[in-house]
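Please open the structure in a viewer and keep the sequence beside it.

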Amino acid sequence: MAACAGGILMPSGLWADVGCDIGLAKGDPAAATRAAVGLVGGMEAYVKPGDKVVIKPNFSFANPPEMATTTHPLVVSSLVAMCKEAGADRVRVLDHPLNSVELCLQQTGISTACQAIDPNAVHAVVDRRLYAETEISQGKAFRTTDVMKDVLEADVLIAAPVAKSHGSTGVSLSMKGMMGLIWERGIMHYRFDLNEAIVDLCTLLKADLAVIDATRVLTTNGPSGPGKVDILNTVIASPDMVAADAQAVTISTWYGRSFRPNQVKHIKLAAERGLGRLDIENLRVKRVEI
């Protein structure tokens, strides 16, 4: 694996560049996940001994990984392993599925992949009692919602979406994925401007680390597919959700076209409201192939 100039060797044996804003690693899903996180400081920069961690992947649909509607199971299991290696006291992999819980856990492969690392990590949170009403104090329109209690109690939140298209927002990446941590996401569609509501939600649920699975990218007919899948074998990592999403927009075509990050409304709004940066051309981006 190529090392970045100025990098340091982490206990995991991976090189980490502590001055890197965005890391992109190309290779098999597990190795690329570790390498991408290593480029932005390594998991030890985000998870401390004793921390409670929530990882938010996509497993809302009862589809196999090849369809690119759900996060690759090896991306998720690698993140769980890295959090445990960093000393996390508790790691939860959480989503609020749209399809049958049993089928989602079975078909996506995420539960099976994490079983040997932490048999109690993966949970589909479909019991309303496990949510708590929460004020979105910085929300402009979307001001209150019910959030998973595990998320509210977490020390660290990691976004781990698959990169895919979306009929209402253009793309579904780390910011859009936060909708899977609340009880009633439908209200964001029919009561508010969805893109603005996503930004409001991310003022509350702002990931400490975004790790985007672009090993396969669903470029059409998202979020549920089936659609055109591009095989990129790439994982993107950044402590800036907006920057991670902006980078993901640029590495693939969507609906047969190329887009700039500022053409995606919720990414543009998030940057304007100071949640992160979309001017990735001015950020420190490192790439490795393994």
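Predicted model: local features only at pLDDT ≥ 70, side-chain atom pairs only at ≥ 80, totals over all residues.

**First stop: helix H8.** Select helix H8 and colour its buried residues: Leu194, Asn195, Ala197, Ile198, Val199, Asp200, Leu201, Cys202 and Thr203. Here buried means under 20% relative accessible area, exposed means over 50%, and partly exposed is in between, with a 1.4 Å probe and protein chains only. Helices (H or I, at least four residues) and strands (E, at least two) are DSSP runs, numbered from the N terminus. H8 is mostly covered, since nine of its eleven residues are buried.

Residues are numbered from 1 along each chain as its sequence is written, and side-chain values use heavy atoms, with hydrogens and water left out.

Select Leu201 and display its contacts, where contact means heavy atoms within 4.5 Å. Neighbours within four places in sequence being left aside, Leu201 touches Ile136, Phe142, Thr145, Met178, Met179, Ile182 and Met188. Which residues of the largest nonpolar core touch the most other members? They are Met178, Met188, Leu201 and Leu205, in a core of 52 residues. Two or more residues of this core come from each of strand S3 (22–26), S8, strand S9 (156–160), H7, H8, strand S12 (209–218), H9 and H10. The element that gives the most is H9, with seven residues. Apart from this core lies another, of 37 residues, and Leu39, Cys114, Val156 and Val288 are among them.

Select residues 241–250 for H9 and residues 265–272 for H10. Two packed helices are described by the angle between their axes and the distance between the axes. The axes are lines fitted to C-alpha atoms, for helices over the stretch in contact, and angles run from 0 to 180 degrees between N-to-C directions. For H9 and H10 the angle is about 145 degrees, and the axes are 10 Å apart. Show the side chains of the contact: Val242, Asp245, Ala246 and Val249 belong to H9, and Ile267, Ala270 and Ala271 to H10. Of these residues, six are nonpolar, none is polar and one is charged. In this count, Ala, Val, Leu, Ile, Met, Phe, Trp, Tyr, Cys and Pro are nonpolar, Asp, Glu, Lys and Arg are charged, and the others, Gly among them, are polar.

How many aromatic pairs does the structure hold? There are two. Rings of Phe, Tyr and Trp (its six-membered ring) pair if their centres lie within 6.5 Å; planes under 30 degrees apart count as stacked, over 60 as edge-to-face and the rest as tilted. Select Tyr131 and Trp183, an edge-to-face pair with 5.2 Å from centre to centre and 70 degrees between the planes. Tyr131 is in strand S7 (residues 131–135) and Trp183 in the loop between helix H6 (174–177) and helix H7 (186–190), so the pair links distant parts of the chain, 52 residues apart. Tyr131 is buried at 6% relative accessible area, whereas Trp183 is partly exposed at 23%. Then select Phe142 and Phe192, whose ring centres are 5.3 Å apart with the planes at 50 degrees, so this pair is tilted. Phe142 is buried, with a relative accessible area of 2%.

Select Gly222 and Pro223, which are joined by a cis peptide bond with omega of about 10 degrees. Pro223 is in the loop between S12 and strand S13 (229–238). Another cis peptide bond runs from Gly225 to Pro226, with omega near 0 degrees. Select Asn221 in this loop between S12 and S13; its phi is near 60 degrees, a positive value in a residue other than glycine.

**Last stop: Ala62.** Select Ala62 in the loop between strand S4 (52–57) and helix H2 (73–85). Beyond its neighbours within four places in sequence, Ala62 is in contact with Asn99, Leu103, Cys104 and Gln107. The C-alpha atoms of Ala62 and Leu103 are separated by 5.3 Å, and the two residues are 41 residues apart along the chain.

Definitions and conventions. Core = buried A, V, L, I, M, F, W, Y, C linked by side-chain atoms within 4.5 Å.
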